[in-house]
Amino acid sequence: MKSKIILLTIVLFITNVTHSFGQTKIDSEEIADKMQWFADAKLGIFIHTGIYAVNGITESWSFFNKRISHDDYMKQLNGFTMSKYDAAAWADLIKASGARYAVITTKHHDGVAMYNTQMNDLSSLKATPAAKDIIKPFYNELRQRDIKCGAYFSLLDWSHDNYPGFLRDSGRYEIKDDWERWYRYRDFFQGQIKELLAGYNPDLWWFDGDWELSAERWEAEKIRQMILTHNPNAIINGRLQGYGDYATPEQNFPVVRPKHNWWELCMTTNNSWGFQFKDQNWKTPYEVITIFADVISNGGNLLLDIGPKEDGTFPPEQINILKELGQWNKKHSEAIFNSLPGLPPGHFYGPTTLSKDSTNIYLFLAGNPQNQIVVRGLFDNIENVSIVGSDISLEWKIVGKISWSLVPGLVYIQVPEKYQDQYMTVIKIKLKDKVHLYRGEGGLDI
Ligand code: GLC
């Protein structure tokens, strides 16, 4: 039995991972305009709020993997108070991090809606002492701060008795054996999507759980149409069986620059999406900042996750990470937001970005280099080198330029230690014109 569960978990894990880069059927040119704010935003904050914070156990998966019975899992409903929930404070924290959008769980795989659903009674409003809609006030506060609102929504619902993967008593059923039952579920979950559209109008839809059924079963194309008819600018993540706009690698950092035009790494601040008091494996601000720099250098966004406790407050470690990241973002804002992906590999050992007009190169320095840094293959039209977030200009030296060769020399820059940032110093190379790179193998092949 145990080995079966492990096998199933592995299979699901693999489907999940391979799926997370799932192919999209969507033509990127057609959506380029609506994707612009997303491409400029770079940072989003993911919030996993749900009853799983009561016991501090894994969101939904804990009963799926039989670590707890479904009944006991659902007892957490009684402990979900949100007694200190302050939507304005949440939005302030997100603003302070520098993020330009937030994505919150409107309903996870456990089926407990965090918004005011009329489709059933399983919601924070009707089934928990919190007795409130978590989403509405949060979106109001976000919008007042000019932060885009994203809705995480699980297509599958392991608590709904008409869902074929329903996990309690009656067990699973095959759609082909009971179409009527499936249609009841289909109308239920699509009804919830309609409610969210009409009452909350998310700027971004973050679907999840699509891997259990096909695009045809979910009616993925229809869902996409439904959303875009209501709000043509809405962005849809890549977990809608091919009908999303962008890829969503999860936790695993892509080593090679993804080919997708738009992608977003979703990542936890410790090892858990929701609040788990036992999980003290916090990433440090330095780790988060260096990962973030790598992500934007490779043309992606970071969706950094936090998970509130059942009372609606966040662990101090998460607050600290967001604030430190926010300070760093503020200081280096011009190198981060509205930037373009950086130089291709080989020119600089570290993350880079470009200004939109490609006349500025930003170099992100991991650690504190004791010695000079070097940029290779840059045709020399440097106007100035400076430290971002300061008015300090730096000397640079061209090394190894041969008079008879067109191959550019190496640009060496010394960054005095006293000017270095505690996390990542960012250097700006201001060019006289657009960046022009030498991509050859050296010698005379130019
Ligand atoms: C996965 C998990 C889920 C988590 C999500 C976040 O698909 O099923 O628990 O919420 O990823 O990316």
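This is a predicted model: local features need pLDDT of at least 70, side-chain atom pairs count only at pLDDT 80 or more; totals for chains, interfaces and linings use all residues.
View 1. For the side chain of His109, the separation between an N or O atom and a ligand oxygen atom is 2.8 Å. Arg239 places a polar side-chain atom 3.3 Å from an oxygen atom of the ligand. On its own the ligand has 310 Å² of accessible area, of which the protein covers 98%.

**View 2. The largest nonpolar core.** This core contains 112 residues, and Phe138, Phe189, Phe207 and Phe364 have the most contacts inside it. Helix 10 (residues 179-200) supplies the largest share, 8 residues. Both domain 1 (28-331) and domain 2 (340-438) contribute at least three residues each to the core. In soluble globular proteins, nonpolar side chains tend to be buried together.

**View 3. Asn381 in the loop between strand 11 and strand 12.** The loop that holds Asn381 runs between strand 11 (373-375) and strand 12 (382-387). Asn381 counts as buried because its relative accessibility is 15%, and the cut-off for buried is under 20%. Ser393 lies 12 residues from Asn381 along the chain, and the C-alpha atoms of the two residues are separated by 16 Å.

Methods
Residues are numbered from 1 along each chain as its sequence is written. Side-chain values use heavy atoms; hydrogens and water are left out. A polar contact is a pair of N or O atoms within 3.5 Å; within protein, one must be able to donate a hydrogen and the other to accept it, and residues adjacent in sequence count only if both atoms are side-chain atoms. Accessible areas come from the Shrake-Rupley method with a 1.4 Å probe; for residues, only the protein chains shown count as cover. A nonpolar core is a set of buried Ala, Val, Leu, Ile, Met, Phe, Trp, Tyr and Cys residues joined through side-chain atoms within 4.5 Å. Buried means under 20% relative accessible area, exposed over 50%, partly exposed in between (1.4 Å probe, protein chains only). Helices (H or I, at least four residues) and strands (E, at least two) are DSSP runs, numbered from the N terminus. Domain bounds come from an automatic or database domain assignment.
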